[in-house]
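The following note goes through the model shown below, one point at a time. Please keep the sequence and the structure in view while reading.

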Amino acid sequence: MPPSSSVPLHAPASICLLRLSALGDVTHVLPLLHTLRSAWPHVPLDWVVGRGEQKLLDGLPGVTFHVYDKKSGLAGMRELRRGFGGPRFDVLLQMQVAARANLLSAFIPARRRIGYDRTRSKDLHGLFVNERIPDRPGIHVLDAIGSFCEPLGLQQGEVVWNMPVPAEAHAWAAAQWPDDGRPALLISPCSSHVLRNWRAERYAAVADHALARGWRVVLCGGRSALERDTADAILAAMHGPALDLVGKDTLKQLPALLARAALVMTPDSGPMHIANAMGAKVLGLHAASNPARSGPYSDRRYCVDRYDDAARRFLGKPADALRWGSKIEREGVMDLVTVDDAIAAFERYVADRDAGRTGAAAR
């Protein structure tokens, strides 16, 4: 560490972040990291994170990762504590309220323990923190995470992700289909929350519409049985061809793959937020969750929003009467999103894309 005279007097001596999962949520932490690093480039930053999430973020400059495997239980928590050694952290940003994360935070030695406001706290979160972020209902998850810098005297201004994607990952993505001028609709059909997932035949109908409009269709996803079966069902229901990349990319290649797409169609999922962080436009499918809270942060013009319909159908009240962040993960909720809804969102993107190209040519 450089001499203390080079560090602003108000800077913490060290900061530890706790956010284990999931892929989308750790993506939301990146702008906060940028804010901290910009203000205090010499302050050590440590991050306690999940195993898969660390693979996605590997190579992030200026951060020391400490991986916690949730399967390791209390033994893993004790091992994590032994690994810290030395003095306690000046600040812990406890950005996850689940019971496991709350308990894990007790094994992280820190003087200031900053957590969520009372409204968003659960699972005894308040017992593990001694400071709280401001209570600001009605904001996006990314902005809530960004407010963790406010007790430190900072404000998250410009939202910058700087996802660490190696050149070889971009090279792999570039090799998957020719750069022939055809825009690509990339479909990432599965969320880990299965009740957020759409029907395969509906994905197929939108994919065939895109093919008829001269687009290329690409499927991507992980190696789980659910993702393989869903992709197979989409391919079987399609009348035209699609490039099947399901299970063929790594977590480091996924952001590069999403960045190559003109438009990414997906439910509320990790790939939605990674695509947004990489600058891709997203056709988000929302009924089980509120896109204003957990949709693609930068641009929700091409999302389908049936969250209010879901609230009225399954809970008997409008969405604005629900607690902010309420999930409506009920059987059949995603059937409220129709093929016509998704095609209309696709066509909104096509119209905007064409208008942008026409305007650029005129200039």
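1. Ala184 has Arg216, in β8, as its bridge partner. Strands β7 and β8 run parallel and are joined by four bridges. Two strands are said to pair if DSSP finds at least two bridges between them. Strands (E, at least two residues) and helices (H or I, at least four residues) are DSSP runs, numbered from the N terminus.

2. The structure is a predicted model, in which local features need pLDDT of at least 70 and side-chain atom pairs count only at pLDDT 80 or more, whereas totals for chains, interfaces and linings use all residues. Residues are numbered from 1 along each chain as its sequence is written, and side-chain values use heavy atoms, with hydrogens and water left out.

3. pLDDT is the predictor's confidence in each residue, from 0 to 100. The protein chain has an average pLDDT of 94, and 97% of the residues score at least 70. Over residues 1-9, however, pLDDT stays under 50, and the model has ten contacts beyond four places in sequence for this stretch. Where pLDDT is low, the predicted coordinates should not be read in detail. A contact means heavy atoms within 4.5 Å.

4. The sheet may now be described as a whole. Six strands form an open sheet in the order β9-β8-β7-β10-β11-β12, with parallel pairing. Its edge strands are β9 (243-244) and β12 (304-305), each of which pairs on one side only. Strand β8 (residues 216-219) pairs with β9 in the parallel sense over two bridges, and Val218 has Leu243 of β9 as its bridge partner.

5. Which residues of β8 point one way, and which the other? Arg216 and Val218 point one way, Val217 and Leu219 point the other way, and all are buried. Buried means under 20% relative accessible area, exposed means over 50%, and partly exposed lies in between (1.4 Å probe, protein chains only).

6. Helix α7 (residues 200-212) lies across β7 (184-187), β8, β10 (263-267) and β11 (281-286), and runs at about 170° to β7. For such values, axes are lines fitted to C-alpha atoms, for helices over the stretch in contact, and angles run from 0 to 180 degrees between N-to-C directions.

7. Thr266 lies in strand β10. Its relative accessible area is 0%, and therefore Thr266 is buried. The side chain of Thr266 reaches the backbone oxygen of Ser188 at 2.9 Å. This is a polar contact, that is, a pair of N or O atoms within 3.5 Å; within protein, one must be able to donate a hydrogen and the other to accept it, and residues adjacent in sequence count only if both atoms are side-chain atoms. Not counting residues up to four places away in sequence, Thr266 touches several residues, including Tyr203, Met272 and Val282.

8. The 17 residues of α1 should span 24 Å, and its end C-alpha atoms are 26 Å apart, which agrees. Among the buried residues of α1 are Pro31, Leu32 and Thr35.

9. Gln156 is placed in the loop between α5 (141-146) and α6 (167-174), and it counts as buried because its relative accessibility is 17%. A polar atom of its side chain lies 3.1 Å from the backbone nitrogen of Leu32.

10. A cis peptide bond, with omega about -5°, joins Ser21 and Ala22; Ala22 is in the loop between β1 (15-18) and α1 (23-39). Leu124, which is not a glycine, has a positive phi near 65°; it lies in the loop between β5 (110-115) and β6 (131-132) and counts as exposed because its relative accessibility is 59%. Asn162, also not a glycine, has a positive phi of about 50° and is found in the loop between α5 and α6. Asn162 counts as exposed, at 53% relative accessibility.

11. The last point concerns Phe65, in strand β3 (residues 63-67). At 18% relative accessibility, Phe65 counts as buried. Phe65 and Trp47 are 18 residues apart in sequence, while their C-alpha atoms are 4.9 Å apart in space. Besides Trp47, the contacts of Phe65 beyond four places in sequence are Val49, Gln54, Leu57 and Leu60.

How values were computed
The expected span of a helix is 1.5 Å times one less than its number of residues.
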